[in-house]
Amino acid sequence: MVTKATTATDVIKVFIADPLSEDGIFPLREEKDLNLEIIVDTGNSQEELIEKIKDVDALIVRSATKVTREVIEAAKNLKLIGRAGVGVDNIDLQAATEHGIIVVNAPDGNTNSAAEHTIAMMTSLARHIPQAYLSLKNGKWDRKTYVGVELKNKTLGVIGLGRIGTEVAFRAKGQRMNIMAYDPFLTEERAKELGVTKATVDEICQQADFITVHTPLLPETKNLINKEKFALMKPGVRIINCARGGIINEDDLYDAIVEGKVAGAALDVFVEEPATDHKLLTLPQVIATPHLGASTVEAQESVAVDVSNDIIKYFKTGTVTNPVNMPSIPKELLAEVEPFFELAEKLGAFLSQVTIEPLKEINLFYAGEIANYDVRPLTANTLKGYLKKTHGENVNDVNARYLTERVGVKINENKTTTAKGFTNLITVEVITENETHSVAGTLLNGLGARIVKVENFVVDVIPEGHLLYIKNIDKPGAIGRVATKLAEKDVNIATMQVGRKQVGGAAVMILSIDNEVTPEDLVYVEQLENIDEVKAITL
């Protein structure tokens with residue numbers, strides 16, 4: 001990601017296409033070592049922007065300006081696009097990557113504002129502040145109706161302990177609340193360091209007085225809080241969502257409030273916005289704001305400052321702090337390592353689906369000819385594959401290492417030119433508090449990618465589609481019983497690979513199947529004699 005630094009005599013044109021505060025672009029105005037020409041020109045149509053951007057070196061936008069492929073292709077000198085905010089939906093990342101343009105954003109700029117808004121919503125919910133205010137404005141002095149509850153000594157469940165969730169936990173501790181937290185990367189060690197109790201989502205639902213969600217919206221988190229979870233909760237629980245609409249099932253939340261299970265909800269986000277006529281807003285127990293989590297003067301200034309500083313850093317050093325796409329790499333390096341990108345990502349994805357506990361350490365072993373090259377892009381792809389289960393499309397080749405290290409995971413790269421029977425071999429090992437898992441893969445000439453080892457069992461598996469990973473005891477009839485059980489569930493086996501180290505000992509089966517299986521089907525197979533564990537994997 002390093003490029004040649006710009007000299008002081010080079011004129012660097014920075015085009016600001018959306019309104020930013022002067023405080024936000026102050027670092028650019030005050031920069032003395034670079035020859036910056038700052039152009040503030042907002043409100044352009046696509047056609048106007050395409051014409052004006054032709055000789056621009058850096059572009060700063062918020063959410064209004066659409067940086068389309070046409071804009072990017074017109075910008076012959078463009079090297080960096082800065083998004084003064086978090087979301088980059090208005091930027092064609094694929095086109096930027098293809099043209100070697102780095103895109104940066106400001107992921108930390110709104111952390112404080114979002115955390116403060118969450119605490120404000122929770123406090124307002126506990127004390128009925130919006131309802132009491134409206135009552136007073138309507139001429140009523142009603143104290144009895146709006147008797148609230150204290151936060152002190154209550155249990156707050158924080159689901160998602162990233163930047164914002166962690167800040168919410170810190171602030172809630174200041175209110176002398178007891179904090180339970182769930183995050184797929186939260187270890188006991190990290191929980192102790194933060195002063196929170198590590199818990200599962202179900203445990204939080206069963207024990208918490210207040211529950212706040214701070215996860216990204218992914219297939220795994222969509223409707224995470226639903227009628228089944230509400231059924232686990234204590235009567236009188238209060239719900240806060242200042243993260244993403246859809247994490248909490250809105251219909252189920254409505255029913256839980258009407259039925260009296262949930263005492264109230266504070267919502268800053270909805271599945272569909274604007275949500276001015278939402279049925280939840282008809283309930284007196286619900287308070288809401290129109291997606292104001294990051295809407296503070298300080299947050300707007302902070303994201304602009306972060307992007308301005310990244311522009312300065314890039315043109316001085318060729319590096320950036322908050323990249324969101326894959327920058328161009330030397331062609332000679334790309335030619336050698338690019339064929340392994342997909343294999344590396346799938347090795348990471350495989351391990352993410354067999355590992356239950358939060359990751360503490362990941363070891364990558366590069367053996368053979370590939371050890372002679374810069375393997376950092378392969379490590380990034382492996383991490384991306386591992387993180388996609390929890391981060392979805394929010395993780396990419398560039399930010400994967402940052403996201404992994406941010407939660408305290410150690411990343412170790414090892415190289416050797418000896419590959420023991422293979423021209424090249426990539427082995428990935430993950431370590432948790434109680435688990436260690438490993439998988440190895442290679443590229444076979446003319447045959448493509450193969451997984452050749454799983455937990456040191458030798459196999460030959462094409463890493464694609466739906467797989468069943470089965471740990472078993474090597475006893476006669478095990479394979480037949482598995483096939484029979486799957487047939488009873490109408491699951492068709494395409495291929496099967498088995499591996500063992502000694503007769504009658506531990507063994508593995510990896511089945512390629514034509515369709516996904518349900519959790520119930522997995523339990524159905526796992527109950528068979530001599531079957532220890534069954535996991536479904538999709539690559």
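H14 covers residues 341-352 and H15 covers residues 376-391, and the two pack at an angle of about 35 degrees with their axes 7 Å apart. Axes here are lines fitted to C-alpha atoms, for helices over the stretch in contact, and angles run from 0 to 180 degrees between N-to-C directions. On the H14 side, the contact involves residues including Phe-341, Ala-344 and Leu-351, while H15 brings in, among them, Pro-377, Leu-378 and Tyr-386 (contact means heavy atoms within 4.5 Å). Sorted by type, the residues of this contact are seven nonpolar, five polar and four charged; Ala, Val, Leu, Ile, Met, Phe, Trp, Tyr, Cys and Pro count as nonpolar, Asp, Glu, Lys and Arg as charged, and the others, Gly among them, as polar.

A word on the model itself. It is a predicted one, with local features needing pLDDT of at least 70 and side-chain atom pairs counted only at pLDDT 80 or more, whereas totals for chains, interfaces and linings use all residues. Residues are numbered from 1 along each chain as its sequence is written, and side-chain values use heavy atoms, with hydrogens and water left out. Helices (H or I, at least four residues) and strands (E, at least two) are DSSP runs, numbered from the N terminus.

Next comes a parallel sheet. Its five strands make an open arrangement in the order S2-S1-S3-S4-S5, where strands count as paired if DSSP finds at least two bridges between them. S2 (35-40) and S5 (102-104) sit at the edges with a single partner strand each, so one side of each has no neighbour in the sheet. From one strand to the next, the twist averages 20 degrees. S1 and S2 are linked in parallel by six bridges, with Ile-12 opposite Leu-36 of S2. S1 (residues 11-16) also runs parallel to S3, through three bridges, and Phe-15 faces Leu-59 in S3.

Strand S3 (residues 58-61) is covered on both faces: Ala-58 and Ile-60 are buried on one side, Leu-59 and Val-61 on the other. Buried means under 20% relative accessible area, exposed over 50%, and partly exposed in between (1.4 Å probe, protein chains only). Four bridges tie S3 in parallel to S4 (residues 80-83), and Ala-58 has Leu-80 of S4 as its bridge partner. Helix H12 (residues 297-317) lies across S1, S3, S4 and S5, at about 160 degrees to S4.

S15 (residues 424-431) and S16 (residues 436-444) share six bridges, and Val-428 stands opposite Val-439 in S16. Four residues make up the hairpin link from S15 to S16. S16 then pairs with S17 (residues 448-454), again antiparallel and over six bridges, with Leu-443 across from Ala-449. This second hairpin has three residues between its strands, and Gly-446 in the turn shows a positive phi of about 80 degrees.

Finally, Lys-501 is located in the loop between S20 (493-500) and S21 (506-513). Lys-501 is exposed, at a relative accessible area of 57%. Apart from neighbours within four places in sequence, Lys-501 touches Glu-455, Asn-456, Phe-457 and Ala-506. The C-alpha atoms of Lys-501 and Val-458 are 8.6 Å apart, although 43 residues separate the pair along the chain.
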